[in-house]
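My notebook is open and I'm going to look a few things up, one at a time.

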Amino acid sequence: MKILVPLKRVSDPDNANKIKVGAGKVETTGLEWKPNPFDEYAVETALRLTENGTNAKARLGEVTVVTFGPKETETTLRAALATGADKAIRVDTTDDAIDGDLLARALKALVEREKPDLVLLGKQQVDGDANQVAQLLAEYLGWPQATFAGQITSEADKALLVSREVDGGSIKLRVTLPAVVSVDLRIVNAVGVTSMHTPPTHKYSDGVRFAALMAIMAAKKKSLTEVKLTDLSPDTALKIKYTGFDLPPARKAGVKIKTVAELVQKLKTEAKVL
Amino acid sequence: MPAATDEDGKRVFEKPQLPGPFGDKVPPTMPDFLDLSRHFTPEERAVRDTVRAFVDARVLPVIADHFEKGTFPNDLIPEIAKLGLLGCNLQGYGCAGLSEIGYGLAMQELERGDSGIRSFASVQGGLVMYPIHAFGSEAQKEKYLPKMAKGEIIGCFGLTEPDWGSNPSGMRTVARDDGDSFVLNGTKRWITNGNLAHVALVWAKLGGVDGQVHGFLVPTDAKGFEARPIHKKMSLRASVTSELILEDVRIKKDQLLPGVKGMKGPLSCLTSARFGIAWGVIGAMQACFDCAVDYAKHRVQFAGKPIASHQLVQAKFAEMLTQITTAQLYAVEVARHKEAGTLRPQHVSMIKRNNVRSALEIARTCRDILGGNGITLEYPIMRHLMNLETVSTYEGTHDVHTLILGQEVTGISAFE
């Protein structure tokens with residue numbers, strides 16, 4: 001099976017307090033970057049679908065990772081190559097020159113070029129939280145889609161049985177390939193992914209795999225090609241523009257209450273919960 | 001970042017929690033005051049981040065319990081091996097072939113977890129795989145290195161003896177040439193991994209106590225070989241330390257390391273492992289420092305202010321940040337010498353001596369900042385502090401490295 005996984009780097013949430021909010025733009029100078037965690041789960045899912053877990057080194061399919069960004073974002077691609085992805089593509093652009101719709105249209109062109117059987121995405125980016133690309137891409141391609149996958153069973157690599165997480169339970173649906181699937185956190189549980197390549201006795205560990213140090217060195221030699229955004233989508237006009245960012249208002253200081261009577265009084269008159 | 005305020009209207013910063021790939025724990029900030037990581041290659045940064053994530057996910061959740069019980073986390077051995085940490089700066093034979101800075105960063109991140117875990121990797125890689133790689137026959141390399149990199153064969157390094165520590169050249173362990181085999185007799189002590197090991201690299205004098213020192217690869221299941229664990233340690237508790245007793249241990253002739261004789265053999269191993277220690281303790285310093293900074297910002301005493309606002313506490317942090325930065329600079333510069341082939345053992349003496357001393361001082365200062373809480377295993381500081389007492393002594397004590405540097409300056413050896 002050939003799988004395409006779009007990846008994005010996001011600002012390290014641990015450094016989030018360094019963000020300066022300028023006019024209509026988040027100041028990114030000095031931020032540290034991490035791969036979007038849901039995208040890492042998508043890479044892990046793709047790897048599990050294209051290997052025999054008992055001998056992960058022998059690849060039984062092809063995983064291509066793609067990111068949209070400047071030269072520095074190749075670090076994110078190399079990290080994915082080090083964990084086992086087979087090749088990488090960087091579409092040269094910057095964050096403020098793309099929106100979800102343009103991304104979906106460009107990905108459609110890339111899918112037509114790369115001809116994957118499956119596009120696996122993280123359910124959303126933890127910076128913009130837009131949660132659009134998988135849905136738009138499926139629509140533009142005319143492919144079946146399954147979002148928020150918590151469990152995937154590959155049926156002879158012809159169809160996927162996907163368990164989607166919804167409020168209070170899960171929905172199971174079958175999508176025939178080719179398809180677009182976005183994944184949720186639970187997909188990287190030990191039993192998140194099942195395929196005919198890995199014997200059911202094999203136990204994955206929870207979470208995404210660590211890149212072996214040797215694989216980090218070897219990832220330098222894997223194919224990483226650069227594509228221009230205009231080669232994929234000549235129309236680069238944005239449909240969504242960010243117009244402003246505000247920090248949440250500072251919370252007011254609380255008050256200390258001396259008696260129960262005063263508390264009840266405040267609950268009645270100020271909080272109005274009694 | 002939302003600028004939330006606490007009940008007194010002061011700004012507080014909460015770390016956002018994220019369902020990260022390595023659990024929900026957001027890694028603490030690491031002091032890199034001079035942004036030295038800008039000198040690292042993307043691969044070196046990736047190595048650091050990978051080992052850091054591994055330590056956060058696998059080592060930190062279990063290490064305090066192992067320390068308290070005095071056990072080594074054996075189940076981590078296959079994971080450490082799978083990550084490629086064993087002998088990771090060696091080329092070929094299934095080793096990762098990292099740069100020296102990459103190797104140093106890997107040791108740093110392991111020791112941010114615990115000195116015992118780093119010691120396990122140092123001994124396997126720096127003290128056993130390195131000499132086999134440097135001085136072994138092709139057959140020995142093929143036989144041992146790939147399996148040692150995979151953690152299927154564990155090694156230990158037998159140099160120190162009960163009566164010969166800082167002066168190992170006085171060793172009493174001897175090997176006798178007996179036709180088609182060597183016969184070894186003697187006792188080694190303070191041997192990390194001794195009771196885990198499948199093979200012991202034993203340094204012994206060939207032909208009697210006046211003979212030359214050679215390295216012998218002794219299978220630990222050989223008749224007459226016994227490893228006894230050393231108990232009642234108050235330091236490196238999450239590490240196996242043993243005494244090795246060799247009584248007429250007969251090994252095949254091809255178990256001798258052919259490429260080296262004399263004290264140069266063990267001493268070159270120590271140079272390689274001390275380099276890893278000098279990097280490793282930076283991780284211990286960072287663990288203590290990060291913990292103390294976090295604690296000081298949240299511990300409120302006197303007038304409702306966090307103790308981080310007190311001048312004496314700030315002075316401590318300023319001093320510690322300077323010490324950590326100095327240690328990092330030393331380590332990077334010495335790694336560059338090692339890569340260029342211009343490294344001298346005296347360089348390593350300076351960074352081992354300086355960095356371990358700084359780490360000990362920082363651990364003590366951080367323990368002080370945490371007050372009573374600092375002595376518990378709820379925080380990593382006391383564990384690091386106790387470990388570092390060993391790290392200060394092993395692989396050349398602080399004082400021995402002082403005298404090596406004294407000799408470097410004056411040309412006069414104080415050892416004789």
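Predicted model: local features only at pLDDT ≥ 70, side-chain atom pairs only at ≥ 80, totals over all residues.

**Entry 1: a helix under cover**

I looked up which residues of α1(A) are buried, and got Pro37(A), Phe38(A), Asp39(A), Tyr41(A), Ala42(A), Val43(A), Glu44(A), Thr45(A), Ala46(A), Leu47(A), Arg48(A) and Leu49(A). That makes 12 of its 13 residues, so I'm calling α1(A) mostly covered, with "buried" standing for under 20% relative accessible area.

**Entry 2: a nonpolar patch**

Next I went to the surface. Which residues form a nonpolar patch there? I found Val260(A), Val264(A), Val273(A) and Leu274(A), which together have about 390 Å² of accessible area.

I picked out Val264(A) and saw that it sits in helix α7, residues 260-269 of chain A. Its relative accessible area is 31%. Patch members need over 30%, so Val264(A) clears that cut-off. It still counts as partly exposed.

**Entry 3: the whole chain**

Then I zoomed out. I counted 7 helices and 16 strands in chain A, and its C-alpha trace spans about 70 × 45 × 40 Å along the principal axes.

How much of chain A is buried? I got 44% of its 274 residues. The accessible surface comes to about 14,000 Å², and carbon and sulfur atoms hold 55% of that.

How values were computed: Residues numbered from 1 in each chain as written. Chains lettered and ligands numbered in written order. Heavy atoms only, no water. Buried < 20%, exposed > 50% of the residue type's maximum accessible area, 1.4 Å probe, protein only. Helix = DSSP H or I, 4+ residues; strand = E, 2+ residues; numbered from the N terminus. Patch = residues over 30% accessible without salt bridge, like charges linked within 9 Å, V, L, I, M, F, W, Y side chains within 5 Å. Areas by Shrake-Rupley, 256 points an atom, 1.4 Å probe, with all protein chains shown as cover. Salt bridge = Lys/Arg side-chain N within 4 Å of Asp/Glu carboxyl O.
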